[in-house]
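Welcome, and thanks for taking a look at this model with me. Please open the sequence and the coordinates side by side, and we will walk through a few spots together.

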Amino acid sequence: MRVVVTNDDGIDSPGLLALAGTAREHGWDVVVAAPARESSGTSAGLTAAEHGRSVAVERRELAGLPGVPAFAVAAHPGLIALVACQGAFGDPPEVVLSGVNRGANIGRAVLHSGTVGAALTASINGARAMAVSLDVGLGDPDEVVEYHWGTATAVARGVFERLVALPPGVVLNLNVPNRERVGPPLRAGLAEFGAVQTRLKQVGDGGIDVAPLVVEGELPPGSDAALLAQGHPTITPLRSVAEDLEVEL
């Protein structure tokens, strides 16, 4: 199984290394292609061309992944997924894995996620895809957080064969609590909003300040936001942009 692993946290993210390592341990033929710099919140955006009409690509050797081809790309993850499916990093992949993201991607806010954007882009270009995220909240910026990347990749590995059994073009969105041990993922609906929203803070001279805000109140039962808050990994099939046949014009 030919697999490309990407993310939006950048080529040096430990979550990326963990996911790529798990895919290789699963016996898959893995290539890593990820943004040279963090590209969070870029959705399925495509960066402008650099260096004339080309995007800079740097070959890397990643710690703990000897023999795995790795590329740091000066592009958003959506563009990386697009060109990967067109053969930019070898034969087009059958599977694209995106993550492990630092922070959950839940609710309709997945629209803005670079992690999910890469998976959706891969799906409309013929690959099966899965976005994987670890639910690390905002918390205190000075607090030392232990990231349970291994928990996220263990849950993801349990989904690998289910993913490849599905038709090309399928996208799964997997979110895992940041805990040492969790149960199997539960299928969840998309909440109307995620646990964290970006809100306008203030408008000043020459600029607009926005800030993340933790959403208070009861979460919709059975939604990805609610189940994740209860400590369950969640899995949600996603569909990319499609015509809305219910609208009459």
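Throughout this report, contact means heavy atoms within 4.5 Å. This is a predicted model, in which local features need pLDDT of at least 70 and side-chain atom pairs count only at pLDDT 80 or more, while totals for chains, interfaces and linings use all residues. Residues are numbered from 1 along each chain as its sequence is written, and side-chain values use heavy atoms, with hydrogens and water left out.

## Around Val 73

Leaving aside neighbours within four places in sequence, Val 73 is in contact with Ala 34, Pro 35, Ala 36, Val 55, Ala 56, Val 57, Ile 80 and Phe 89. Val 73 belongs to strand S4, residues 70–73; helices (H or I, at least four residues) and strands (E, at least two) are DSSP runs, numbered from the N terminus.

Val 73 counts as buried because its relative accessibility is 4%. The label buried means under 20% relative accessible area, with exposed over 50% and partly exposed in between, using a 1.4 Å probe and protein chains only.

## The largest nonpolar core

A nonpolar core is a set of buried Ala, Val, Leu, Ile, Met, Phe, Trp, Tyr and Cys residues joined through side-chain atoms within 4.5 Å. The largest one has 37 residues, and Val 5, Val 32, Leu 97 and Met 130 touch the most other members. At least two residues of this core come from each of S1, helix H1 (14–25), strand S2 (29–35), S4, S5, S6, helix H4 (149–164) and S7. H4 gives the most, with eight residues.

Beyond residues up to four places away in sequence, Met 130 touches Val 96, Leu 97, Ser 98, Ala 119, Ala 156, Val 159, Phe 160, Leu 163, Leu 172 and Leu 174. There is also a second, separate core of 25 residues, which includes Phe 71, Ala 81, Ala 119 and Ala 131.

## Helix H3

How many residues of helix H3 (residues 114–123) are buried? The count is 10 of the 10, so H3 is largely enclosed by the rest of the structure. These buried residues pack against strand S1 (2–6), helix H2 (77–85), S5, S6, S7 and S11.

Arg 128 is found in strand S6, residues 128–135. Arg 128 is buried yet has no salt bridge, and the nearest side chain of opposite charge, Glu 94, is 5.3 Å away. A salt bridge needs a side-chain nitrogen of Lys or Arg within 4 Å of a carboxyl oxygen of Asp or Glu; Lys and Arg count as positive and Asp and Glu as negative, while His and the chain ends are not counted. The side chain of Arg 128 does reach the backbone oxygen of Leu 166, at 2.6 Å.

Strand S11 (residues 234–238) has four of its five residues buried. Strand S7 (residues 171–177) runs antiparallel to S11, joined by five bridges, whereas strand S8 (residues 186–187) runs parallel to S11 with two bridges. Two strands pair if DSSP finds at least two bridges between them. Ile 235 in S11 stands opposite Leu 174 and is also the bridge partner of Arg 187.

Technical notes:
Polar contact = N/O pair within 3.5 Å; in protein donor to acceptor, adjacent residues only side chain to side chain.
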